[in-house]
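User: Please walk me through this structure, beginning with the strands and moving on as I ask.

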Amino acid sequence: MYPESYPRNQWYVAAHSDEVGRTLLDRWLLDEPVVLYRKLDGTPVALVNRCIHRQMPLSLGRLKDDRIECGYHGILYNAEGRAERIPSQPHVPPACRVTRFLLFERWGLVWIWMGDPDKADEGLVPDHHWITDPEWGTVRGSFLMKARAQLLNENLLDLSHLEFLHAGSIGTDKIAETPVTTEFDGRVVRVSRPMYDIDCPPFFTKVMGITGRIDRGQVAEYFAPGFHITHVSAKPTGDPDDSRKCSQKAIHCVTPARRNTAHYFWCHARDYKIDDLKVAQLMRQGMQTVFQQDVDASEAIEEIISSYEPAYPIELNLKVDAGPLQARRLIQQMLAAEKAG
Amino acid sequence: MYPESYPRNQWYVAAHSDEVGRTLLDRWLLDEPVVLYRKLDGTPVALVNRCIHRQMPLSLGRLKDDRIECGYHGILYNAEGRAERIPSQPHVPPACRVTRFLLFERWGLVWIWMGDPDKADEGLVPDHHWITDPEWGTVRGSFLMKARAQLLNENLLDLSHLEFLHAGSIGTDKIAETPVTTEFDGRVVRVSRPMYDIDCPPFFTKVMGITGRIDRGQVAEYFAPGFHITHVSAKPTGDPDDSRKCSQKAIHCVTPARRNTAHYFWCHARDYKIDDLKVAQLMRQGMQTVFQQDVDASEAIEEIISSYEPAYPIELNLKVDAGPLQARRLIQQMLAAEKAG
Amino acid sequence: MYPESYPRNQWYVAAHSDEVGRTLLDRWLLDEPVVLYRKLDGTPVALVNRCIHRQMPLSLGRLKDDRIECGYHGILYNAEGRAERIPSQPHVPPACRVTRFLLFERWGLVWIWMGDPDKADEGLVPDHHWITDPEWGTVRGSFLMKARAQLLNENLLDLSHLEFLHAGSIGTDKIAETPVTTEFDGRVVRVSRPMYDIDCPPFFTKVMGITGRIDRGQVAEYFAPGFHITHVSAKPTGDPDDSRKCSQKAIHCVTPARRNTAHYFWCHARDYKIDDLKVAQLMRQGMQTVFQQDVDASEAIEEIISSYEPAYPIELNLKVDAGPLQARRLIQQMLAAEKAG
C-alpha cells in the first residue's frame with residue numbers, strides 16, 4: 001500500500017533553475033502553497049504563498065526589488081518572510097511574517113526543505129552534476145500529474161515496464177525477462193539490469209546511430225523520498241572497445257503537490273553528440289513522449305485506487321518489486337522517524 | 001428514499017452486444033471497473049479492469065488472441081482471469097489472477113453477474129427476444145447519465161410524466177389523469193394504463209401514420225433491479241379490427257456505474273414498418289430525444305438530492321407511486337437477502 | 001476565522017428587480033434551491049425549487065398565469081406554494097406544498113427572508129433609495145463568485161485595499177495609510193476614511209472630470225449579514241464651495257449561494273452627469289472591472305483556505321480589521337440568537 005503522507009524533513013526539487021526568476025511563481029508543494037522568485041542578486045527565495053493577514057496568495061502581488069508586496073492590502077514582505085511595512089499602520093508586529101522555506105540550488109535544480117530548518121543538511125542532496133556539466137548534453141521538461149508521487153517512484157524502480165509501456169520507442173523484447181539485482185546501501189536503492197546481445201530500440205538508433213544487437217546497461221538509483229537517476233548505456237554487442245559506447249543519465253524528480261497530484265521534473269544528460277541540436281531536439285521530444293506515457297499510466301492507476309478509498313484493492317507483489325517495496329519502506333521509516341523525533 | 005446500495009447477486013445489462021468486440025471496452029459497473037471483449041470464437045469476456053499487480057486498467061493493454069496483456073508490465077491474463085505469464089519471472093503464482101465476471105448474452109444484450117457466481121441463474125434473465133426477432137424492427141442507443149440508477153427506474157414506472165416531460169412528442173393531454181393498475185406477481189411489477197379515445201401524439205402520427213383519436217395501450221413492466229419493458233400499442237378509436245394496430249416494446253436497461261451515475265441502454269422494437277429505413281431513422285432519433293429528456297430530469301433531480309446529503313429532502317408519494325415504491329421495496333428486499341445470506 | 005453558517009432570520013438580496021419576470025429564474029440561496037418569478041400583477045414570488053413529489057426543480061416546469069406546473073408529473077403549485085392540482089389523482093392532500101419564501105421588493109432589489117416567516121420585519125431592510133431615485137444615475141451588475149460570502153463582506157469593510165488591488169483605476173497612493181474610524185451604532189458598522197489633498201485616481205478623472213489633488217470622502221457602511229453602502233465623494237482640494245463635489249453610493253449585496261459560493265449584486269448611484277450615457281457606460285464597465293478584482297481576490301483566498309479545511313491557516317489581524325472583525329461578531333451573534341431562540 002502506498003504511503004499516506006510525505007516526510008517533510010527532506011529535500012525535494014521545487015523547480016528547474018530556469019523556472020525561477022523575477023516573475024512570481026506559484027506552486028503547490030507537499031500540500032502547501034509556495035511562491036518562488038529570485039532576489040536581484042540571483043538568490044532564489046521560497047515563501048509560503050499566503051499572506052498572514054487574509055490568506056491572499058502572495059504570487060498575485062508585486063515584486064519590489066527583493067521584496068513581495070501583497071496585492072491585497074500592500075503588506076511588504078522581505079526575502080526572509082518578515083513584514084517590513086504594513087501600509088495601514090505604522091507598527092509592524094513581529095508576528096507579521098510568513099514561513100520562508102530553505103532552498104538549495106545546484107546543477108540546474110532548486111531544492112526545497114519544508115520541514116524543520118534546523119535539520120536541513122545540504123550534504124543530503126545527491127550528486128546530479130551531469131545536468132550542467134559541459135561534457136554532457138542536457139534537455140529537460142516537467143509535468144504536473146494527477147497522481148500521487150509514489151506511483152511514479154515505483155514506475156522508475158521497476159523498468160521492466162519499458163518493454164510494454166514504451167514499446168516502439170525505448171522498449172524492446174526481452175527487457176522484462178532479464179533478471180535484476182536490487183541493492184540498498186543504507187542510502188540508495190539500486191536496481192541493475194545489464195542486458196547483453198539485445199535488440200537496439202528504435203529511439204536509440206535515432207539518437208545514437210547504433211543499429212543491430214547491443215549490450216544495454218540500465219541502473220535505476222533511488223534517493224528517497226523523490227529523486228532518481230537512471231543510468232543507461234548502449235554499445236554494439238561484441239564491440240571490443242568502448243569508444244562507441246553511449247551513456248545517458250535520466251534524472252527524475254518527483255515532488256508531491258497535493259495528496260493526489262505530483263510534480264515531475266526531468267532532465268536527460270547524454271555524453272554523445274552533445275552539441276548536435278537536432279539530437280537535442282529529438283531527445284527532448286522523445287523523452288517528453290516516453291515520460292508522458294509514465295504519467296498517463298500513473299494517472300490511470302490513481303483513478304482506480306482513488307475510487308476504492310479508504311479501502312485499497314488487493315495487490316500482488318512480484319520479484320521485480322523488491323525495489324519499489326524498498327522505496328515504500330524507506331518512506332515509512334522517514335515518516336516514523338519524524339513522528340518519533 | 002432511494003436505496004443506498006445495489007444488489008450484486010443479480011443480472012445487469014453490461015452492454016449492447018454490438019459494443020463488445022475485439023477492442024477492449026472500459027466501463028464502470030456497480031462501482032467496479034470492468035473490461036469487456038470478445039474471444040476469437042465470439043464469446044464475450046468481462047474481467048475486473050485492474051491488474052492485480054499495480055492496478056493498471058487492463059483496458060489500456062493489448063488483446064492477444066483470447067488474452068489480455070497488461071500495458072504496464074506485460075502480465076498476460078487469459079479469459080478466465082488467470083495470469084499465464086509474468087514477463088519478469090518464470091513462476092506464475094496462483095494468486096496472480098483477476099476477477100472474471102459471468103456473462104450471459106442473448107437477444108442483443110450482454111448481461112453481467114457481479115456477485116457470487118454460484119448463485120448465478122441464467123433463467124432469471126427476462127425474455128426480451130423482440131430485440132433480435134426478425135418480425136420486429138429495432139433501434140437502440142445508450143446514455144451514461146449523471147444520476148443514480150433508481151431515479152430512472154422510477155421514471156419508467158410512473159409514465160404519467162409523458163404528458164409533461166414529453167409534451168409535443170409522445171405526450172398528450174389526459175394521459176396522467178387516466179388511472180393505472182399496479183400489480184406484482186412475485187417477480188414483475190406491472191403498471192397498466194389503458195387509454196381509450198385519446199389524442200394521437202405527434203410522434204405516433206409521424207412513425208405510425210395514425211391521426212385523430214386513438215386507443216393507446218401502455219403497460220410498464222419492471223424486472224428488478226434494472227430491467228424494464230414498456231409495452232405500447234395504438235389503434236384508431238372505434239376501428240373494428242386490429243389490422244391497423246401498431247405495437248412497440250421499449251426496453252430499458254438501467255445499470256449503476258458508480259454511486260451517482262448509471263448506464264442507460266435502450267432498445268425499441270416495433271411490429272410495423274419494420275423494413276422502412278426512414279421510420280427506423282425517425283424512431284432512433286425520436287427515442288433518443290425522448291429518453292434524453294428522462295436523463296435530463298434524472299440528472300436535475302440528482303443535483304438537488306446530492307446537495308442535501310446525507311440528509312434527504314422531504315418527499316411526498318402519490319397514488320401513482322405504487323409502482324416506484326414497489327421497486328424500492330424489491331431492491332431493499334434483495335439487499336436484505338444478500339446481507340442475510 | 002470566518003463564520004461557518006449563515007443566519008436565516010434575516011433579509012438577503014435574492015435578485016435585482018429586473019432579473020425577476022415571467023421566466024422562471026433558478027438560483028441557489030443559503031444552501032437552498034429557489035425559483036423566482038412574477039405573478040401577472042407583477043408581484044415577485046419565491047418558492048423552494050424542488051417539487052415535493054420527486055425533487056424535480058420547478059424552474060424546469062412551466063409558468064401558467066400565477067402558477068408553476070412541474071415539468072415532470074404536472075403538479076400545479078400556486079404562488080403560495082400550495083398544490084392546486086395533481087394530474088394523476090383527484091385528491092390534493094394538504095401536505096402537497098412547497099416552501100414559499102417571503103419577498104420584499106423596494107428600490108430595485110428583491111429581498112428574501114428564508115427563516116421563520118413570523119420573525120420577518122420589513123423595517124429591517126436598509127434604505128437604499130438612491131438606486132431608483134431620479135436624482136441619481138445608477139448602473140448595476142452581478143457575479144456568482146466561487147468564494148464564501150464573508151470574504152467579500154470583509155473586503156468591503158477594509159478599503160485600504162483600493163491602493164493595491166485597484167491601483168490604476170480607483171486606487172492611489174496614500175489611501176491605505178490614511179487612518180480610519182470604525183463605529184458601531186448597534187445596527188450599522190461604519191468605517192470612515194476622509195482623505196484630504198490626495199491624488200485624484202484615473203477613473204475619477206474619467207467620469208467626474210476632476211484632475212489634480214482632491215479631498216476624497218469614503219464611508220463604508222455594513223448592515224449585517226450582507227448589505228453594504230460605500231459612500232464616496234470627491235472635490236478639488238481647496239475648492240471654496242461644494243458645487244463641484246461629486247457623490248457616489250456603491251451598493252453591494254452579498255448573499256451566500258452554497259457554502260463556498262456567493263452572489264454579489266451591485267448597484268452604483270452617482271449624483272453627477274446622471275443623464276450622460278457615455279458616463280453611465282464608463283461607470284458600468286469600470287465598476288464591473290473593479291468589482292471583478294474583488295471577486296478574483298476572494299476566489300484566490302477561498303482556494304487557499306478551502307485546501308486547509310477543516311483546519312484554518314494562521315491569521316493575523318491588523319488595526320484596520322476593526323470593521324471586518326465587528327462584522328464577524330455580528331454574524332456570530334445572529335447565529336447564536338437563532339440557536340437560542
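**Sheet, core and chain contacts**

Analyst: Strand β4 (residues 44–48) of chain A pairs with strand β9 (residues 100–106) of chain A in the antiparallel sense, over two bridges. Strands here are DSSP runs of E of at least two residues, helices are runs of H or I of at least four, and both are numbered from the N terminus; two strands count as paired if DSSP finds at least two bridges between them. This is a predicted model, in which local features need pLDDT of at least 70 and side-chain atom pairs count only at pLDDT 80 or more, while totals for chains, interfaces and linings use all residues. Residues are numbered from 1 along each chain as its sequence is written, with chains lettered from A and ligands numbered from 1 in the order in which they are written.

User: Which residue of β9(A) stands opposite A:Ala46?

Analyst: That is A:Phe101.

User: And how many bridges join β9(A) to β10 of chain A?

Analyst: Five bridges join β9(A) to strand β10 (residues 109–113) of chain A, and the two strands run antiparallel. A:Arg106 has A:Leu109 of β10(A) as its bridge partner. The two strands form a hairpin with two residues between them, and A:Trp107 in the turn has a positive phi of about 50°.

User: What is the strand order of the open sheet of six strands?

Analyst: In chain A the order is β1-β10-β9-β4-β3-β2, with antiparallel pairing. The edges are held by β1 (11–16) and β2 (25–29) of chain A, each of which has a single partner strand, so one side of each is left without a neighbour in the sheet. From one strand to the next the twist averages 35°, taken from lines fitted to C-alpha atoms (for helices over the stretch in contact), with angles from 0 to 180 degrees between N-to-C directions.

User: What about the pairing of β2(A) with β3?

Analyst: β2(A) pairs with strand β3 (residues 32–38) of chain A over five bridges, in the antiparallel sense, and A:Glu32 in β3(A) is the bridge partner of A:Leu29.

User: Switching to packing: which residues have the most contacts inside the largest nonpolar core?

Analyst: They are A:Ala14, A:Ile112, B:Ala14, B:Ile112, C:Ala14 and C:Ile112, in a core of 279 residues. A nonpolar core is a set of buried Ala, Val, Leu, Ile, Met, Phe, Trp, Tyr and Cys residues joined through C-beta atoms within 7 Å. Burial is judged from C-beta atoms placed from the backbone: a residue is buried with 20 or more others within 10 Å of its own, exposed with 12 or fewer, and partly exposed in between.

User: What does A:Ile112 touch?

Analyst: Leaving out residues up to four places away in sequence, A:Ile112 touches A:Tyr12, A:Ala14, A:Leu29, A:Ala46, A:Phe101 and A:Leu103. A contact means that the two C-beta atoms, placed from the backbone, lie within 7 Å.

User: Now the chains: how many residues do B and C bring to their contact?

Analyst: Chain B brings 20 residues and chain C brings 19. On the side of chain B that touches chain C, the elements that give two or more residues are α2 (162–165) and α4 (277–308) of chain B, and α4(B) gives the most, with five residues. That side of chain B divides into 13 nonpolar, two polar and five charged residues, where Ala, Val, Leu, Ile, Met, Phe, Trp, Tyr, Cys and Pro count as nonpolar, Asp, Glu, Lys and Arg as charged, and the others, Gly among them, as polar.

User: Where is C:Pro310 found, and what kind of peptide bond joins C:Glu309 to it?

Analyst: C:Pro310 is in the loop between α4 and α5 (322–340) of chain C, and the bond from C:Glu309 is cis, with omega about 5°. In chain B, the peptide bond from B:Ala224 to B:Pro225 is cis, with omega near 5°, and B:Pro225 lies in the loop between β15 (213–223) and β16 (227–236).

User: Last one: is A:Asp197 buried or exposed?

Analyst: A:Asp197 is exposed, with 12 other C-beta atoms within 10 Å. A:Asp197 is in strand β14 (residues 195–199) of chain A and has a positive phi, near 55°, although it is not a glycine.
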